[in-house]
Amino acid sequence: MIDIHSHILFGVDDGAKDYDESVEMLKAARKAGFDKIIATPHVRSPHYNKQKAQKALEELKPVAESLGIELIQGYEYNISALTDDTIEGAMQFCTEGTKTILLEMNGSQLVSNWERVVIHFQREGADVIIAHPERYPILYSKPDIVLRMLEVGCKLQVDIAVMLQKGLFNREKKFVKNLLKNNYVRWVSSDAHSAEDYKDFAEAFRKYADKRMCLADRNSYKELIK
Ligand SMILES: [Fe+2]
């Protein structure tokens, strides 16, 4: 099982604070069933220290291996970072060894040019995964945008722990439920910022997801299948 969205690298964003917390997260991830983790620190504008992330990854690799986990360098690329990058330049933030990019949209609104951005990435050969569509409330009332994302070939990644939220009228949860019901979800991931998040992932995964949503296949991350 691959976790394609995790803030497991220490000292680079709002995820793990230090080496020890990263190790705690690795242990919890292993318990949740993962044997591959794509470490995806935030890339947002203003620009971002790639070397620091790579250094943390190298430091963690041996302990990850000893726990039976392969750590892979990736990024969560926020669309706002395109104020600093060209699309061509942003391709350096694809997952290591692949042309897959995890694309995060902006907060409560989707930038109006999301489709143009996706198509430009695709012209560079990228496979685009949209990070946690449930965090973009505008989509709750505009399902046509979700359909358009799928139509142009984006894959949707959901933070499945959202399903553990309480409240009958929780809109985020209702939205994810609908995505799952319609088979629109390609990836479920932890988006973990702590070991606790991996525990929540494990519980939600058991109740609401399907193992195929955490497996690479010939069309998704095929480069990562050994
Ligand atoms: Fe994230």
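1. Let's start with Arg-212. With a relative accessible area of 61%, Arg-212 is exposed, because that is over the 50% cut-off. Bear in mind that we are looking at a predicted model here. The partner of Arg-212 is Asp-210, and the two form a salt bridge in which the closest N and O atoms are 2.8 Å apart. Asp-210 has a relative accessible area of 24%, so Asp-210 is partly exposed.

2. On to the other salt bridges. The count comes to 14. One of them joins the side chains of Glu-115 and Arg-148, at 2.7 Å from N to O. This pair links distant parts of the chain: Glu-115 is in helix α4 (residues 114-123), Arg-148 is in helix α6, and 33 residues separate them. There is also a network of salt bridges here, with Glu-115, Arg-148 and Glu-151 linked together. As for accessibility, Glu-115 counts as partly exposed because its relative value is 23%. Arg-148, at 32% relative accessibility, counts as partly exposed too.

3. Now look at Lys-155 and Asp-127. They form a salt bridge whose closest N and O atoms are 2.9 Å apart. Here the bridge ties strand β8 (residues 155-159), which holds Lys-155, to strand β7 (residues 127-131), which holds Asp-127; the two residues are 28 apart and the pair links distant parts of the chain. Are these two buried or exposed? Both Lys-155 and Asp-127 are buried.

4. Next, the iron ion. Which protein atoms are its donors? They are NE2 of His-5, NE2 of His-7, an OE of Glu-76 and an OD of Asp-191, lying 2.1 to 2.3 Å from the ion. Along the chain, the donors follow the spacing H-x1-H-x68-E-x114-D. Two of them, His-5 in strand β1 (residues 2-6) and Glu-76 in strand β5 (residues 76-78), are 71 residues apart and link distant parts of the chain. Both His-5 and Glu-76 are buried.

5. Why is the arrangement around the iron ion called irregular? The 4 donor atoms subtend angles of 79 to 162 degrees, and that makes the arrangement irregular. For reference, the ideal angle for four tetrahedral donors is 109.5 degrees. One caution before you read too much into the geometry: water is not among the atoms, so sites may look incomplete.

6. Glu-76 and Thr-40 are 36 residues apart in sequence, yet their C-alpha atoms are 5.1 Å apart in space.

7. Asp-191 has a positive phi of about 45 degrees although it is not a glycine. In general, most residues other than glycine have a negative phi. Asp-191 is found in the loop between β9 and α8 (195-208), and it counts as buried because its relative accessibility is 4%.

8. Asn-183 has a positive phi as well, about 60 degrees, and is not a glycine either. Asn-183 sits in the loop between α7 and β9 (185-189). At 66% relative accessibility, Asn-183 counts as exposed.

9. Then there's the largest pocket, with a volume of about 260 Å³. Which helix gives the most to its lining? That is α7, with 5 residues. Helices α5 (138-141), α6 (143-151) and α7 (171-181) each supply at least two residues of the lining. Among the lining residues are Leu-139, Tyr-140, Pro-143, Val-146, Arg-171, Lys-174, Phe-175 and Tyr-184. By class, the lining divides into 8 nonpolar, 2 polar and 2 charged residues.

10. Last, a quick word on Leu-110. This residue is found in the loop between β6 (100-104) and α4. Leu-110 counts as buried because its relative accessibility is 12%. Its C-alpha atom is separated by 9.8 Å from that of Pro-133, which is 23 residues away along the chain.

Terms used
Residues numbered from 1 in each chain as written. Predicted model: local features only at pLDDT ≥ 70, side-chain atom pairs only at ≥ 80, totals over all residues. Heavy atoms only, no water. 1 Å grid on protein atoms, 1.4 Å probe; cavity = no way out; pocket = protein on both sides within 12 Å on 5 of 7 lines; lining within 4 Å. Points joined across faces, edges and corners; volume = space filled by probe spheres on them. Helix = DSSP H or I, 4+ residues; strand = E, 2+ residues; numbered from the N terminus. Nonpolar A, V, L, I, M, F, W, Y, C, P; charged D, E, K, R; others polar. Donors = N, O, S within 2.8 Å, 3.2 Å for Na, K, Ca; no water. Tetrahedral: all angles 85-135°; square planar, octahedral: opposite > 155°, others 65-115°. Buried < 20%, exposed > 50% of the residue type's maximum accessible area, 1.4 Å probe, protein only. Salt bridge = Lys/Arg side-chain N within 4 Å of Asp/Glu carboxyl O.
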